[in-house]
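Me: I'm new to this one and would like to learn how to read it. Could you take me through it feature by feature?

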Amino acid sequence: MSPADTNAADTNAADTNAADTNRADTNAADMKAASMRTVMAVPSVVRGRAGRLLVPLAVVVVLAALPLVLGAYPITLASRVLAFALLVVSVDILTGVTGLPTLGQVAYFGAGAYTAALVGIHWTSNAAVQLLAGVLVATALALATGAIVVRTKGIVFLMVTLAVGELTHQVAASWTAVGGTNGLAGIPPISVLPGGPALTLSGFVYWWVLAVFVVVFLLVARAMRAPFGRTLRGIRDNEPRLRALGQRTYSAKLAAYGLAGAVAGAAGTLWTAQARFVSPTDLGFDVAAFALLSVVIGGAGSLWGPCLGAALVILVRDEVSDYVDGRGPLLLGIVFVAGVYLLPRVRAVLGRLRAREKGFP
Amino acid sequence: MSDILRLDAVSLAYGRLTAVDKVSLSVPKGARHALIGPNGAGKSSLFSVVAGIRPPTSGRIEFDGADVTEVSEAGRAAGGLVRTYQHSSLFLGCTVLDNVRLAAERVHGRPLRPFRRRRRDAEVTERAHAHLASAGLPGRHGHLAGSLSHGERRQLEVAMVLACEPSLVLFDEPTAGMSAAETDRFAELVERLPEELSMVIVEHDLDVVFRLARQVTVLAAGSVIASGTPDEVRADEHVQRAYLGADSTDELFTEAS
């Protein structure tokens, strides 16, 4: 488990326990002391192996229960957040873990979304088939383009991936077979069981989206804690050194690019499943920029943080925007600046608290 | 005894400047071979050619009986020809243990396996711990490599090189920037390394060279001007001239006080 992940589990645990341990301390100084105490007062159960399972499990249970308490519109929004969060996870695999900042994941997101749409219109409404087809097409596209793209790094990589994203956008916008600028509409609702009923209710679609999100997220998290993830972090930190240790980094980077493409493709099929409409706008530059922004806000390298960043970005863009005269992107810009300034400080304070807890000066 | 490394008329030119000029060299198995020479002699260029960072302009490099002239740096390292860095080059954002595990994984695991396997992973971790211990760094495995001191980073480097289980180590000025005490510690560490491990040391510090090396090759202006035991090289008049441009060498080879 990466340090960031442990950090996450512990602070989450601290939050959930804050209610129990916060006594009648009311003034600000005491509150600060209390919050410090709660960090130290986390029961060992929550801290250990069980805790690492408990917190994510609680999050999944809460997410799964959302359709029982929320109406149709908020649930659609939640589906959109999850689909976008999966795209952000794919960006994070490259940007946060491997150290390759990318604007190109929308290409594979788009490949997944369009494939799912075409399969839905012309072949079957089975969501699993759409998912599989979308992932396959996206992975194939990612490996084909990645073979060239991963030969670059840094700002060149950023620019080449931008080109990949924009080219895909242009193809989608000008190719009449996929609807051109109008996109693809009239996609029938998905069904999960073969020959089963079509899921017209947004709650059921949400559960499908959530299920795919959780499975893919867990697979990615597993891979990032395995030797593969360690190798990718090695590339991020010092690629020439890894080569000097005898590791061919090209194949590792291509594998990471393929994996990220597959995840983005899965995200694309989920996007289609909840919106039942795809257009070139869904793979435009602003989507790519927002995905990268989510990774930065959420903390590159950790997997759950960028998902929170994704939620924030979608909420501001699609919801809060209406209350500020449609100036959501401006607000996001401010959030971004604030995030870049404040997050390192917050992390430093948390780090100091954790260090004190461990008994280091 | 067979040679672990053999260079056959290796040249490297940058445009019209020939940095390495038809250098031939053979290093037997288990050798402690030093490569010295005044500034600009082509030591670093030769080093990068042997390590596989730059392809030679002409000539042939044989490692362990196989022609590796066309093999990449990673390929040579995987085959057992491992280099060190003049300045510590670590994975600073990873833990000390992960730094060594990255090396051990390549030898004993599958670095691209996307899931954990308890037995295999534990084996790699165990090896990493053993290498950390033999480099004198036990108990620091959980710290970030970026939080280590300069001396500790050099020790971690040694642990990483050992974890590659090399048959030949190329040291690139290993004691550059070290204090006298650190240099001494480092020399002790190298002296303790197993006998069957071959070494080529590129070094400025002649005290270290004469302490560690059993064979010395002297480069000047891209060519080999002398080769032999430390005593032979010390007495060689070409070497004396290359270093000092004169025949007074007393200062150069007297013991440092």
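Me: Which residues touch the most other members of the largest nonpolar core?
Reply: In soluble globular proteins, nonpolar side chains tend to be buried together. A nonpolar core here is a set of buried Ala, Val, Leu, Ile, Met, Phe, Trp, Tyr and Cys residues joined through C-beta atoms within 7 Å. A residue is buried if 20 or more other C-beta atoms lie within 10 Å of its own, exposed if 12 or fewer, and partly exposed in between, with C-beta atoms placed from the backbone. The largest core holds 170 residues, and A:A85, A:L86 and A:V263 touch the most other members. Helix 5 of chain A (residues 72–97) gives the most to this core, 15 residues. The core also draws at least three residues from each of domain 1 (1–80 + 166–257) and domain 2 (91–164) of chain B.

Me: How should I take the names and values?
Reply: Residues are numbered from 1 along each chain as its sequence is written, while chains are lettered from A and ligands numbered from 1 in the order in which they are written. This is a predicted model, in which local features need pLDDT of at least 70, side-chain atom pairs count only at pLDDT 80 or more, and totals for chains, interfaces and linings use all residues.

Me: Leaving aside its neighbours within four places in sequence, which residues is A:L86 in contact with?
Reply: Two residues are in contact if their C-beta atoms, placed from the backbone, lie within 7 Å. For A:L86, the partners are A:F213, A:V216, A:V263, A:A266, A:A267 and A:L270.

Me: How many helices and strands does chain A have?
Reply: Helices (H or I, at least four residues) and strands (E, at least two) are DSSP runs, numbered from the N terminus. Chain A has 14 helices and zero strands. Of its 361 residues, 47% count as buried. Among the contacts in chain A with a separation of 6 or more, 75% are between residues 24 or more positions apart.

Me: What span should helix 9 of chain A have?
Reply: The expected span of a helix is 1.5 Å times one less than its number of residues. With 24 residues, helix 9 of chain A should span 34 Å, and its end C-alpha atoms are 34 Å apart, which agrees.

Me: Which residues of helix 9 of chain A are buried?
Reply: An α-helix has 3.6 residues a turn, so residues three or four places apart point the same way. In helix 9 of chain A, the buried residues include A:V205, A:W208, A:V209, A:V212, A:F213 and A:V216. A:R222 lies in this helix too, but A:R222 counts as partly exposed because it has 14 C-beta neighbours inside 10 Å.

Me: How many residues of chain A are in contact with chain B?
Reply: The contact joins 22 residues of chain A to 27 residues of chain B. Helix 9 (202–225), helix 10 (227–244) and helix 11 (249–275) of chain A each supply at least two residues of the chain A side. Helix 10 of chain A gives the most, with 12 residues. For the classes, Ala, Val, Leu, Ile, Met, Phe, Trp, Tyr, Cys and Pro count as nonpolar, Asp, Glu, Lys and Arg as charged, and the others, Gly among them, as polar. The chain A side has nine nonpolar, five polar and eight charged residues.

Me: How far apart do the domain centres of chain B lie?
Reply: Domain bounds come from an automatic or database domain assignment. The C-alpha centres of domain 1 and domain 2 of chain B lie 28 Å apart. Their contact takes seven residues from domain 1 of chain B and six residues from domain 2 of chain B.

Me: Which strands does strand 1 of chain B pair with?
Reply: Two strands pair if DSSP finds at least two bridges between them. Strand 1 of chain B runs antiparallel to strand 2 (residues 17–28) of chain B, with eight bridges. Strand 1 of chain B also pairs with strand 4 (residues 58–63) of chain B, in the antiparallel sense over five bridges. In these pairings, B:A13 has B:T18 as its bridge partner in strand 2, and B:S11 has B:S58 in strand 4.

Me: What is the phi of B:A9?
Reply: Most residues other than glycine have a negative phi, and most peptide bonds are trans. B:A9 has a positive phi, near 50 degrees, and is not a glycine. B:A9 lies in strand 1 (residues 3–14) of chain B and counts as exposed because 12 other C-beta atoms lie within 10 Å.
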